[in-house]
Amino acid sequence: PPSAPSARTMLPLLLLLLPAARGIAQVGPRPALTQDPPLEGVTTASTFVLDQPRCVFDNYGNADIWLVVALDQATSSFNNSAGPGTPETAFQSFPAPVRAYMTLNATLGSYPCPKPAGDIAVLRVGSETSCAQDVTRPTCNGPLPGPGPYRVKFLALEGSVPVAETPWSMSITLRTAKSPSAISTAGSGHSAGMIAITTILSILFAILLAGLVAMLVFWGSDSCGGSSAFSKPESVTVRRYNTHHVYDQPAARL
């Protein structure tokens, strides 16, 4: 019948649409900045630290788990079917034209549940600097280009098919470095009284130093002038005396 070829043509399309019709499972809590244990530098100017997705994707043992990092306003337009490592999700093109990239892929074995005692179950996003400009590594976990804000989620893929995802995180804003002109000196501890005291002490020290130098010059000139006042001592004349009892005796008496 004429409808038979049409049915055979539609069957592959239905198979391709089956994962989309099935939908992506929503799992686990939303990702969040780590709070336990307390760490220094949870957010910096180019990185932030997340809790790992432990006990979240336990039903997807064959999946690869990816972290999606997006601009805050780009979460609604992110395409879950965009494959990692493609120009559409490459870190090197973030934040423009790419508005969300995929990085930090791991298997379920990297996130054991429950967490072994002593493990620090965190991920530092933005910690790789060596691949930031390397277009051959589009899934680089490179430094974030600005303060954001950003949002993240974990996405599980079986092959190239997305099967589960977490909700998007709350907005994450990084630290910004202050320019020298924006740094206020009002609360730096140097009050007007302290500055006045320092100035007075500096003046007194300069006066004391000048007086000491003048005194040394005066003493030096006085020593040079006093040495010329000494006259050369007169020479002492020593008279020569002959012994009379030896030379006055007549030769006959010898």
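The model is predicted: local features need pLDDT of at least 70 and side-chain atom pairs count only at pLDDT 80 or more, while totals for chains, interfaces and linings use all residues. Residues are numbered from 1 along each chain as its sequence is written, and side-chain values use heavy atoms, with hydrogens and water left out.

**Stop 1: D72 and R151.** Select D72 and R151, a salt bridge whose closest N and O atoms are 2.7 Å apart. D72 lies in the loop between β3 (64-71) and β4 (100-107) and R151 in strand β6, so the pair ties together parts that are 79 residues apart in sequence. Strands (E, at least two residues) and helices (H or I, at least four) are DSSP runs, numbered from the N terminus. D72 is partly exposed, at 22% relative accessible area, and R151 is partly exposed at 25%. Buried means under 20% relative accessible area, exposed over 50%, and partly exposed in between (1.4 Å probe, protein chains only).

**Stop 2: R137 and E128.** Next, select R137 and E128, where the closest N and O atoms of the salt bridge are 2.9 Å apart. R137 is partly exposed, with 36% relative accessibility; E128 is also partly exposed, with 25%.

**Stop 3: K153 and E165.** Now select E165 and K153, which form a salt bridge with closest N and O atoms 2.5 Å apart. The pair links distant parts of the chain, with E165 in strand β7 (residues 161-165) and K153 in strand β6, 12 residues apart. Both residues are buried, and for K153 the relative accessible area is 3%.

Keep K153 selected and show its polar contacts (pairs of N or O atoms within 3.5 Å; within protein, one must be able to donate a hydrogen and the other to accept it, and residues adjacent in sequence count only if both atoms are side-chain atoms). The K153 side chain makes one with the side chain of N80, at 2.8 Å, and one with the side chain of E165, at 2.5 Å. Then widen the selection to contacts (heavy atoms within 4.5 Å). Leaving aside neighbours within four places in sequence, K153 is in contact with residues including P31, W66, F78, P167 and W168.

**Stop 4: E158.** Stay in strand β6 (residues 150-158) and move to E158, which is also placed in β6. E158 is partly exposed, with a relative accessible area of 34%. Beyond neighbours within four places in sequence, E158 is in contact with Y60, N62, A63 and V163.

**Stop 5: helix α2.** Select residues 192-227, helix α2, and find L209 in it. L209 is partly exposed, with a relative accessible area of 45%. Together with F205, L212, V213, M215, L216, V217, F218 and W219, L209 forms a nonpolar surface patch of about 960 Å² accessible area. Patches are made of residues with over 30% relative accessible area and no salt bridge, joining like charges within 9 Å and nonpolar side chains (Val, Leu, Ile, Met, Phe, Trp, Tyr) within 5 Å. Accessible areas come from the Shrake-Rupley method with a 1.4 Å probe; for residues, only the protein chains shown count as cover.

Finally, select residues 194-219, which an unreviewed UniProt entry annotates as "transmembrane region". UniProt positions are given in the numbering used here, feature names are shortened, and annotations may be inferred rather than shown by experiment. In the model, this span is 100% helix and 0% strand, and its end C-alpha atoms lie 38 Å apart.

Definitions and conventions: A salt bridge is a side-chain nitrogen of Lys or Arg within 4 Å of a carboxyl oxygen of Asp or Glu.
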